[in-house]
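I opened my notebook to write down what I looked up in this structure, entry by entry.

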Amino acid sequence: VQLQASGGGLVQAGGSLRLSCAASERISDVYAVAWFRQAPGKEREFLSSITVSGSSTYYGGSVKGRFTSSRDNAKNTVYLQMNNLKVEDTAVYYCARGPYRSRRLSEYNAWGQGTLVTVSS
């Protein structure tokens with residue numbers, strides 16, 4: 001499967017963006033889809049994970065309460081709704097397919113190309 005992340009852009013602090021992760025085919029009957037981000041000079045950070053059905057989600061501490069992941073399996077697409085954005089949310093955002101709740105990059109077997117989110121003050 002190929003994943004393509006999109007929806008990034010420039011937004012002011014306090015604003016919102018919705019990222020999309022579109023798959024070339026049915027994502028999986030087994031694996032979850034996660035969102036990560038990587039800021040310049042920093043390690044890739046786990047943000048969220050959503051199960052195949054979309055019934056369960058898990059979030060990293062830095063975005064919990066501000067970001068929400070959802071999925072539309074009919075469209076083979078996973079979303080990341082980002083609210084109350086902060087300057088420190090500036091990063092390249094990636095989606096990936098792997099085990100639910102896993103934070104280990106090595107356990108993900110498909111990655112999107114990344115989409116840049118820039119939050120201005």
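I began with a term: a nonpolar core is a set of buried Ala, Val, Leu, Ile, Met, Phe, Trp, Tyr and Cys residues joined through side-chain atoms within 4.5 Å, where buried means under 20% relative accessible area with a 1.4 Å probe, protein chains only. I noted that the model is predicted, that local features need pLDDT of at least 70 and side-chain atom pairs pLDDT 80 or more, while totals for chains, interfaces and linings use all residues. Residues are numbered from 1 along each chain as its sequence is written, and side-chain values use heavy atoms, with hydrogens and water left out.

**Core.** I found that the largest nonpolar core has 25 residues, and that Trp35, Phe67, Leu80, Met82 and Tyr93 have the most contacts inside it. Among the strands that each supply at least two of its residues are E1 (3-6), E4 (32-38) and E8 (77-82), strands being DSSP runs (E) of at least two residues, numbered from the N terminus. The largest share, 4 residues, comes from E3.

**Leu80.** Leaving aside neighbours within four places in sequence, I listed its contacts (heavy atoms within 4.5 Å); they include Leu17, Leu19, Trp35, Phe67 and Tyr93.

**Whole chain.** I counted 0 helices (H or I runs of at least four residues) and 11 strands in the protein chain. Its radius of gyration, taken over C-alpha atoms, is 13 Å, close to the 14 Å that the globule rule (2.2 Å times the number of residues to the power 0.38) gives for 121 residues, so the chain is as compact as a globular protein of that length. Of the 121 residues, 45% count as buried.

Terms used:
Buried < 20%, exposed > 50% of the residue type's maximum accessible area, 1.4 Å probe, protein only.
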